[in-house]
Amino acid sequence: MYKLRQILLTAFANFRRWKKNPQIILAFCLAFIVSFLLSDKVLVFAKEHDTILQMAEPFIWTFGDAQSVLIISLLLLLLFADMPNLGNDVPLFLVRIDRKVWVLGQILYLILATFLFLCFILLSTCILASSQAFVANMWSDTAAVLGYSNIGYELNVPSFVKVMELNFPYQVMFHIFGLMLGYSIVMAGIILFFNMVKDNGGMIAGIIYSGFGFLLTPDTLSDILHIPAVQSRYANIIFGWISPLNHATYYMHSFGYDNLPKLWVSYVFFAGVALLIFIMCLLRIRRYTFQFTGTQLR
């Protein structure tokens, strides 16, 4: 229990740095702006056609798409660019606790901060839709129009019939949130580990991780490699299994009649990769060099 308390105190010490921190304020402001810009096409469509939305639908139709997940995850580069946080209080922490406890506190902070960041995004989409939305757990007329016509495709909204026929809005919302959380925690872990390997290495590794996921999306690869439409189905399946970004995309999963990963497979995938990265952080902290300059850490 004493070790757990030390881990919690180390994690919450990072949260204290959020107060009046321009980097954190900018990350949350950009998250709200991006949420507004990405969900606006659905809200405008509902307003123009005088229909209402289910409260969770703007989040579902916005972040059920791989590109939207990618854009939001890139904001984590700003949120966690300075991880591990080496403030003036770190020497005191290291005197009172060992290195493993300290890095476990950093890991806990990453997980909690990522969760809060995504909760803010979810809340933002709900607030933006509140004036024209209802809370009952049923699909709206807007969803029916987008799903059962070509309008959703024209608006680049991932409103698939199989989603609406097999699940209700809140269940879909929680799955999309969980997949985004898994993808984002892995990215945050990568940033932490490579920053411990080399200064600013986390930024480069985070960009590579995002770029890898983007390049392995079926549409991108089909355009680059000029894959025929007949063979694109096989590419869709292959890269649906190996791309982290596809694992984070809700409609890129098996719902009973295709060979894509099931939802639980993606959860296990993200949990396993995140655990591996965090173990690497624990191993790396043994040889991590803290550089002191006066009362500052570098």
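A residue is termed buried under 20% relative accessible area, exposed over 50% and partly exposed in between, for a 1.4 Å probe and protein chains only. The model is predicted, so that local features need pLDDT of at least 70 and side-chain atom pairs count only at pLDDT 80 or more, whereas totals for chains, interfaces and linings use all residues. Residues are numbered from 1 along each chain as its sequence is written, and side-chain values use heavy atoms, with hydrogens and water left out.

Phenylalanine 80 is buried, at 0% relative accessibility, and tyrosine 109 is likewise buried, at 2%. Their ring centres lie 6.1 Å apart with the planes at 80°, so the pair is edge-to-face; rings of Phe, Tyr and Trp (its six-membered ring) pair if their centres lie within 6.5 Å, with planes under 30 degrees apart counted as stacked, over 60 as edge-to-face and the rest as tilted. Because phenylalanine 80 lies in the loop between α4 (66-79) and α5 (90-96) and tyrosine 109 in helix α6, the pair ties together parts 29 residues apart in sequence. Helices here are DSSP runs (H or I, at least four residues), numbered from the N terminus.

The whole structure contains 15 aromatic pairs. Among them is the edge-to-face pair of phenylalanine 28 and phenylalanine 117, at 5.3 Å centre to centre and 80° between the planes. This pair links helix α2 with helix α6 (residues 99-129), across 89 residues. Both phenylalanine 28 and phenylalanine 117 are buried. Ring pairs join Phe12, Phe15, Trp18, Phe28, Phe80, Tyr109, Phe117 and Phe120 into a cluster.

Lysine 20 sits in the loop between α1 (2-16) and α2 (22-48) and is exposed, with a relative accessible area of 72%. Lysine 20 has a positive phi of about 55°.

Methods
Helix = DSSP H or I, 4+ residues; strand = E, 2+ residues; numbered from the N terminus.
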